[in-house]
Amino acid sequence: MHKSEQGKSGRELRHNLPEGAVDLKRIEGELEESQKYLATIFAAVQVGILVLDAETHAIVDANPKAVEMIGTSRDKIIGAACHRFVCPADIGNCPITDLGQAIDNTERTLLTAAGESVPIIKTVVPISLHGRPHLVESFLDISDRKRMEESLRESEERYRDLLENANDLIQSVDRNGSFLYVNRAWKETMGYTDEEVAGLKVFDIIAPESRSHCLTLFQQIMSGEPVQRIEAQFVAKDGRVLILEGSVNCNFVDGKPVATRSIFRDITERKRAEQEREEWNRKLEQMVEEKTRHLKEAQAKLIQSEKMATLSEVISGASHELNNPLAGILSAIQLLRRSTLVKPIEPALMDEIDVLESIEQAATRCQRIVDDLIRFSTQARCYFTRVDVNEVLRNALEAMAAHYAQTGITVDWQGDPALPGIEGDYVKLFEVFANILQNAQNAMPDGGTVEVATRLAMVDTDTPQVVIAIRDTGCGIPAHHLGKIFDPFFTTKPAGKGPGLGLTVSYGVVKRHHGDIEVRSTVGKGTEVTITLPVRQPCATPEETGQSPNPSSPRSSP
């Protein structure tokens, strides 16, 4: 038969078959194809699959992965009870058929032929096979994941132990400022419990003076900018302010900030120690400067004392030698004046009288200078009695009252009413105070204020000291003059306005009282003279202890 005829007869034969027979053949082919497909998946999938008889719990099928995981031959697995390998539950306690549990992606245990337990993720699906209920169990070995989880847990535990046992304060804060974690040292130092920390924001514990600074740093860190070192002040629960320093970085996920991680160290004590050290250094520097100043002053005073002693001897002899000729000159002038008064008044006579008056004025001025020199040379002789310093000062101010009123000078009296009396020479102390008050007047020709203060103090000795401070608001003394003000004959007054012995004499009187005198001045602001006198004289001789009574208080300016 021709090939075309064969094809035609075949098509005719199929066309003549019943329609149901054709569908059955197609379905059988598709079913066979599906069975092969499922068998391929069943054999190739890397998940263990067992088919169990739900009534007898016998294993009726197992794929190669299940055989591999159980660790024995397929023949030994097929027909065995499921609890022999798959489930450790006893007969009668099957989680599915007896206890009615649903198992879907649940962690369970696989029993191997060697008796080992393998952690698995298991899913059980009920099916009907050959008219009987069956169970399809699929399971995945999660041993590696479990080992990784255990390793991760142990690693986290180690790091947690490190964090919890660290002495530094460790914290983690999310982008909203809430605390994600704080360690034990943080809680102990700050005084908060875990429950309290959960309700805190990071800016709740930052001292007000640090908030602006910390907010700027927080924003920089959240934006990814590196910050090398942070110093901030935290406020503990009990109100203590802690100074902390440390480092902070930010954890980013997918390029977005998630949380900051900070390690801080409490440096409060270190800062306090540094401040104390700086304070001690400052005090030591001040003490060194003070001692240096005292040494320089002592050296200057020693030079001044030696110079004064030498000058006193020279001046004492010279003043006595000058006094006699001056007395003779003044006597001769008196005789000449009397002789001219008996002559007729003529122009020539008047000229002679004018010459005599000029000579007399010059001689009188010389005599006053000699008197000052004699006072200067005899200043070592003091007669000590019980003296009220406040009274001496008030009397000196009263003597200057009229002069002060004329120039518009006011007095600010700050005398200590409880000031004890001292052993001193009333007259000489009056001269000292009056001289200083007069210098203050000269420094304030347009008026000003004189402040007079007294107080009791202990100054470098065990003996109480009376301190007298006289301060004016005058023109001040230039710095290049301060070192000369106690020198004899030094004066800034015009010629004929004074020999320049006032402060020299005052210096000697104060020294004879075993006291001290200091002058501080600023040009344009004023001058302060401080006199320190002991309440008791250390070694008084019979001459010094006073054999003359307390003289009456002077009432006029010297």
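This report walks through a predicted model of a protein, from its overall make-up down to single residues.

**The big picture**

Let's start with the whole chain. The protein has 558 residues, and 35% of them count as buried. Its fold is built from 15 helices and 17 strands.

Now zoom in on helix H13, which runs over residues 426–443. This helix has 18 residues and spans 26 Å from its first C-alpha to its last, close to the 26 Å expected at 1.5 Å a residue. At its start, a side-chain oxygen of Asp-425 comes to within 3.2 Å of the backbone nitrogen of Val-427.

Is H13 mostly covered or mostly open? Covered: 13 of its 18 residues are buried.

That goes along with what comes next, the largest nonpolar core. This core has 41 residues, and the members that touch the most others are Phe-433, Leu-437, Val-450, Ile-468 and Ile-531. Several elements each supply at least two residues to this core: helices H12 (389–407), H13 and H15 (502–512), along with strands S14 (448–458), S15 (464–472), S16 (516–522) and S17 (526–534). Which of them gives the largest share? That's H13, with 9 residues.

There is also another core, lying apart from this one, with 27 residues, including Leu-217, Ile-230, Leu-242 and Leu-244.

Val-450 is worth a look of its own. Leaving out residues up to four places away in sequence, Val-450 touches Tyr-404, Ile-409, Thr-410, Val-411, Asp-412, Leu-437, Ala-440, Met-444, Ile-470, Arg-471 and Asp-472. One of those partners, Leu-437, is also on the list of core members that touch the most others.

**Aromatic rings**

Next up, the rings. The model has 4 aromatic pairs. One of them joins Phe-203 and Phe-218 edge-to-face, with 6.2 Å from centre to centre and 80° between the planes. Why is this pair a link between separate parts? Phe-203 sits in the loop between helix H8 (194–198) and helix H9 (208–222) while Phe-218 is in helix H9, so the pair ties together parts that are 15 residues apart in sequence.

Elsewhere, Phe-179, Trp-186 and Tyr-192 form one aromatic cluster. Trp-186 also gives us a handy distance: its C-alpha is 9.2 Å from that of Glu-164, although the two are 22 residues apart in sequence. Glu-164 belongs to helix H6 (residues 143–165). Setting aside neighbours within four places, Glu-164 is in contact with Tyr-181, Val-182, Asn-183 and Arg-184.

One more ring to point out: Lys-283 lies over the face of Trp-280, at 5.7 Å from the ring centre.

**Some single residues**

Back to helix H6, where you'll also find Ser-143. The side chains of Ser-143 and Asp-141 are joined by a polar contact of 2.6 Å. Beyond residues up to four places away, Ser-143 touches Val-118 and Pro-119.

Thr-112 is in the loop between strand S3 (106–111) and strand S4 (117–129).

For Asp-254, phi is near 55°, and for His-514, phi is near 60°. Asp-254 is found between strand S9 (241–253) and strand S10 (256–266), while His-514 lies between H15 and S16.

| Residue | Relative accessible area | Class |
|---|---|---|
| Thr-112 | 7% | buried |
| Ser-143 | 13% | buried |
| His-514 | 37% | partly exposed |
| Asp-254 | 77% | exposed |

Why do Thr-112 and Ser-143 get the label "buried"? The cut-off is under 20% relative accessible area, and Thr-112 has 7% while Ser-143 has 13%. Asp-254 counts as exposed because its 77% is over the 50% mark.

How values were computed: Residues are numbered from 1 along each chain as its sequence is written. This is a predicted model: local features need pLDDT of at least 70, side-chain atom pairs count only at pLDDT 80 or more; totals for chains, interfaces and linings use all residues. Side-chain values use heavy atoms; hydrogens and water are left out. Helices (H or I, at least four residues) and strands (E, at least two) are DSSP runs, numbered from the N terminus. The expected span of a helix is 1.5 Å times one less than its number of residues. Buried means under 20% relative accessible area, exposed over 50%, partly exposed in between (1.4 Å probe, protein chains only). A polar contact is a pair of N or O atoms within 3.5 Å; within protein, one must be able to donate a hydrogen and the other to accept it, and residues adjacent in sequence count only if both atoms are side-chain atoms. A nonpolar core is a set of buried Ala, Val, Leu, Ile, Met, Phe, Trp, Tyr and Cys residues joined through side-chain atoms within 4.5 Å. Contact means heavy atoms within 4.5 Å. Rings of Phe, Tyr and Trp (its six-membered ring) pair if their centres lie within 6.5 Å; planes under 30 degrees apart count as stacked, over 60 as edge-to-face and the rest as tilted. A charge sits over a ring if NZ of Lys or CZ of Arg is within 6 Å of the ring centre and within 35 degrees of the ring normal.
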